[in-house]
Amino acid sequence: MIIRLLKKAFIKFGGNFILRERNRTSRILFWHGVDINPDPIIEAENINKNDFVKQLNYVQKHYEIISIDDFYKRFTENKLNGKEVVLTFDDGYRNNLTVLAPILRKRKLPFTVFITTSNISNNTLFPTSILRLTVYGSSLKKLFIPTLNLEFAIATKDDKKQTHKKLNKYLKESTLDLVEQICKDLIANFSSKEWDNIISKYSVVNPLNWDEVRELISFGCTIGSHCVKHICCHSNQKEEELKYQIIESKKIIENKLGVTCNYFAYPNGDYTDRANKYVKEAGYLMGFSTEKNRIDPTNNELCTLPRIGAPEKVDTFKIALSLYPNKTTI
Ligand SMILES: [Zn+2]
């Protein structure tokens, strides 16, 4: 409560504008889904539409929103003015078309969605969504994960929090094969009818399909790649898998949509030197991480450009946007 009031007072007296002037740099922002009253815990990748509109109003008023293509041009020609903001959205949620795109089209604002092609093709949920739905969206008392030979309690609020934390670590740090197996195990704790009920109740986390992605392009959206599956590109993954995920997803997007896929965003922001090599080999113009460094054409690697995750709370967003990427981080 006190922190909230302090943030309000800070903004009221223009602290965020002072920070912004002292910290001029272009910014690539990322969100995931935008929806009408998403559940803040179970559908946590999604921001409430009203909050997003307030954030957008603020960005539109105080920054210059440009397309990712314009950003590439200014970056490579070293012509950035330090006021640019690029709007990007990760994973490819259906609400990017149904809720987000109409808001942006009305304002004629360009945006980019980084899609995970296998989820688009097969209508499968993302691993972190499966975990939240099974832990927080069910009335089970425990979850059994045979692959790990472990049982996790989810009877109380605290159980759920602990279990979510432990399993989320597995999802973020394991190989793709193990992540897929854990997801299967999580779902196997339910009958198919129970699982259908859960996923229909929390439909905010549904991905787009290819027809919807095509429609999204007609709204002025650029489509980038976020791998074939939502693989975290860390050093535990097999090299061949990383290569396939990065190179193949570009080909799939281009074949399905008839456009050139020029941009790539690392799921979870993880990358290795090898993965960067595949981003270049695939022919992407730019790749994006989630590092909070500054945009600097003379210093940045083209395949790991920094991006800022947009905080959900509007006041925090206003301060974070002026603060990050901070000068001291280079
Ligand atoms: Zn992602």
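Trainee: Where does T304 lie?
Mentor: Ground rules: this is a predicted model in which local features need pLDDT of at least 70, side-chain atom pairs count only at pLDDT 80 or more, and totals for chains, interfaces and linings use all residues. Numbering starts from 1 along each chain as its sequence is written, and side-chain values use heavy atoms, with hydrogens and water left out. Helices (H or I, at least four residues) and strands (E, at least two) are DSSP runs, numbered from the N terminus. As for T304, look in the loop between strand 11 (286–288) and strand 12 (308–309).

Trainee: Is T304 buried or exposed?
Mentor: Buried means under 20% relative accessible area, exposed means over 50%, and partly exposed is in between (1.4 Å probe, protein chains only). T304 has 9% relative accessibility, so it counts as buried.

Trainee: Which residues does T304 touch, not counting those up to four places away in sequence?
Mentor: A contact here means heavy atoms within 4.5 Å. With residues up to four places away set aside, T304 touches Y266, Y271, N276, G287, F288 and S289.

Trainee: What about T76: buried, partly exposed or exposed?
Mentor: T76 is found in helix 4 (residues 68–76). Its relative accessible area is 42%, so T76 is partly exposed.

Trainee: And how far apart are the C-alpha atoms of T76 and L302?
Mentor: Along the chain, T76 and L302 are 226 residues apart.

Trainee: In strand 12, what is the bridge partner of L29?
Mentor: Two strands pair if DSSP finds at least two bridges between them. Strand 1 and strand 12 run parallel, joined by two bridges. Within that pairing, the partner of L29 is I308.

Trainee: Moving along, which residue in strand 6 stands opposite D90?
Mentor: Strand 5 and strand 6 pair in the parallel sense over four bridges. Strand 6 (residues 111–115) is mostly covered, with five of its five residues buried. F111, V113 and I115 point one way from it, and T112 points the other way along with F114. The residue opposite D90 is F114.

Trainee: Which residues coordinate the zinc ion?
Mentor: Donors are N, O and S atoms within 2.8 Å of the metal (3.2 Å for Na, K and Ca), and water is not among the atoms, so sites may look incomplete. In sequence, the donor residues follow the spacing D-x134-H-x3-H. At 2.1 to 2.2 Å, the ion is held by OD of D91 and by NE2 of both H226 and H230.

Trainee: How many residues apart are D91 and H226?
Mentor: Both D91 and H226 are buried. The pair links distant parts of the chain: D91 is in strand 5 (residues 84–91), and H226 is in the loop between strand 9 (221–225) and helix 12 (239–257). The separation is 135 residues.

Trainee: Which residues lie nearest the centre of the largest cavity?
Mentor: On a 1 Å grid over the protein atoms alone, a cavity is a set of points where a 1.4 Å probe fits but cannot get out, and lining residues have an atom within 4 Å of a point. Grid points are joined across faces, edges and corners, and a volume is the space filled by probe spheres set on the points. The largest cavity holds about 100 Å³ of space. Of its 13 lining residues, those nearest the centre are P127, L171, V179, H230 and C232.

Trainee: Which residues line the second largest cavity?
Mentor: About 40 Å³ of space lies in the second largest cavity. Its lining consists of T175, L176, D177, Q237, K238 and E241.

Trainee: Last one: which residues is L242 in contact with, leaving aside neighbours within four places in sequence?
Mentor: L242 is in helix 12, and it is buried, with a relative accessible area of 1%. Its C-alpha is 8.1 Å from that of I231, 11 residues apart in sequence. The contacts of L242 are I231, C233, H234, Q237, T272, A275 and Y278.

Methods
1 Å grid on protein atoms, 1.4 Å probe; cavity = no way out; pocket = protein on both sides within 12 Å on 5 of 7 lines; lining within 4 Å.
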